[in-house]
Amino acid sequence: MKLQVLSALIASAFVLAACGEKAQTVPPAPVAAAASSAPAASAPQGELPVIDAVLTQAPDVPPAIDRDYPAKVVVKIEVVEKVMEMADGVEYKYWTFGGDVPGQFIRVREGDTVEVQFSNHPSSTVPHNIDFHSATGPGGGAESSFTAPGHTSTFSFKVLNPGLYVYHCATAPVGMHIANGMYGLILVEPKEGLPKADKEFYVMQGDFYTKGAYGERGLQPFDMNKAIKEQPDYVVFNGRVGSMLGDKALKAEVGETVRMYVGNGGPNLVSSFHVIGEIFDKVYIEGGSAVNENIQTTLVPAGGSAIVEFKVDVPGNFTLVDHSIFRAFNKGALGQLKVSGPENKEIFSGKLSDSVYQPEGGTVQTVPLTQEEQAKADAGAAKAAGKDDQIKLGKAVYDSNCMACHGAQGQGVEGAFPPLAKSDYLLQDPKRGIDAVLKGVNGKITVNGKEYNSVMPALALDDEQTANVLTYILNSFGNDGGQISPADVAKRR
Ligand SMILES: [Cu+2]
């Protein structure tokens, strides 16, 4: 519902004349929201005790609420546009709530009234506002908080529903403000509070779109086209690559209960949040009241959240990832939880032994040999006596290593596996066959006038086997002969 209000707001922004006391502060496009006509009149909650919110930057979380009565909680937010590091040597001009990405964590109690004092720093280049997903009212406050550079707006809302909620900027172009880092989390504790956790952390994912590719150095401008295509260069936790790695890793002790307040600012991607080596004992699904148990990976929608809890039973490094795994290892969505304390070998043994593993073709012997057998074994596998012998032995190699893809008659599968029967590619230069088996084949190749652009894996065959299978192929499937020797293979290995 809020979204509809928001888009209506954006759509009408260009025809609506701003009115009310903010009229003179509202600059022209690209501004979206119109000023509220209602003056910040008499708030009805005059008798509530007034408390200044404790705000924290990620990964810290404000202390649990110890009140059992509602209050008016004053939240002061300052928007600052500033250049910070996205990765080593890579800079980006972030738009921030409170000077960091994500914005500060806000913690209130169900039934509280949140008074937001929203300031936009005079150095800002554009107006900003804030949409609280925890608010019930038009735009989640977007309209009421719309603020030009060098101004402060105040509005309040009552938190009716407990849960973990995203807040974000909703000034047009909304996607761009979010892509620049304008999001954060507000936790509305249920009246009865949350169960105690030993450690609490604030983790928020976001995707970023830069002119340069991942890791390209220098100050990187925002790339609108990549954002529209939803092809981020960076997918990160807490605003930058490495925000929770090395010295900055999260820390806990064996036996502690860890709770993570996980948000996803987006603007585009849904997160498959996972902690490698842990199982979430509890997940407050989508940050709401329903609790699921024993979860490996939980979805965190763009503009949504989840609360995950787990007890840490053994020491070690536990890695936080978006399990859409290229994002983790190639775009930055990696964090670390370092757990210290005594080992528990029953729960996790660690490596107990390391022995050589040799799949097919190895020399693993399980049955003791007689002298005669041993002598035979030492002499190695039977060597082909001549070309006919090679063809015979080669067929066996073919049937168990090549046939699955290239077919019993070497006919291949059009569009997927090229033929070995009368293959001009192979027959023009049979040494290509050696390379194919030893190194694999990938990239575009043309066989008998048809293009193939697929991958053949390298196969673990020895020189004998390779020579034999290729000799078999050259003398089968209607091909007109030829011979490859183990020495030919050895030369190209
Ligand atoms: Cu903004």
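This is a predicted model: local features need pLDDT of at least 70, side-chain atom pairs count only at pLDDT 80 or more; totals for chains, interfaces and linings use all residues.
Ten of the twelve residues of H11 are buried, so the helix is largely enclosed by the rest of the structure; the buried positions are Glu-464, Thr-466, Ala-467, Asn-468, Val-469, Leu-470, Thr-471, Tyr-472, Ile-473 and Leu-474.

## Length and N-terminal cap of H11

H11 runs over residues 463–474 and, from its first C-alpha to its last, reaches 16 Å, which is close to the 16 Å expected at 1.5 Å a residue. Its N-terminal end is capped by Asp-462, a side-chain oxygen of which lies 3.3 Å from the backbone nitrogen of Glu-464, and Glu-464 is itself one of the buried residues of the helix.

## The copper site

The copper ion is coordinated, at 2.0 to 2.5 Å, by ND1 of His-128, SG of Cys-169, ND1 of His-177 and SD of Met-182. Around the copper ion the four donor atoms subtend angles of 88 to 139°, and the arrangement is therefore irregular, given that a tetrahedral assignment would need all angles to lie between 85 and 135 degrees.

In sequence, the donor residues follow the spacing H-x40-C-x7-H-x4-M. His-128 belongs to the loop between strand S5 (113–120) and strand S6 (131–132), whereas Met-182 belongs to the loop between helix H3 (174–179) and strand S9 (183–189), so this pair ties together parts that are 54 residues apart in sequence. Both His-128 and Met-182 are buried.

How values were computed: Residues are numbered from 1 along each chain as its sequence is written. Side-chain values use heavy atoms; hydrogens and water are left out. Helices (H or I, at least four residues) and strands (E, at least two) are DSSP runs, numbered from the N terminus. The expected span of a helix is 1.5 Å times one less than its number of residues. Buried means under 20% relative accessible area, exposed over 50%, partly exposed in between (1.4 Å probe, protein chains only). A polar contact is a pair of N or O atoms within 3.5 Å; within protein, one must be able to donate a hydrogen and the other to accept it, and residues adjacent in sequence count only if both atoms are side-chain atoms. Donors are N, O and S atoms within 2.8 Å of the metal (3.2 Å for Na, K and Ca); water is not among the atoms, so sites may look incomplete. Four donors count as tetrahedral if all angles lie between 85 and 135 degrees; four count as square planar and six as octahedral if opposite donors are over 155 degrees apart and all others between 65 and 115; anything else is irregular.
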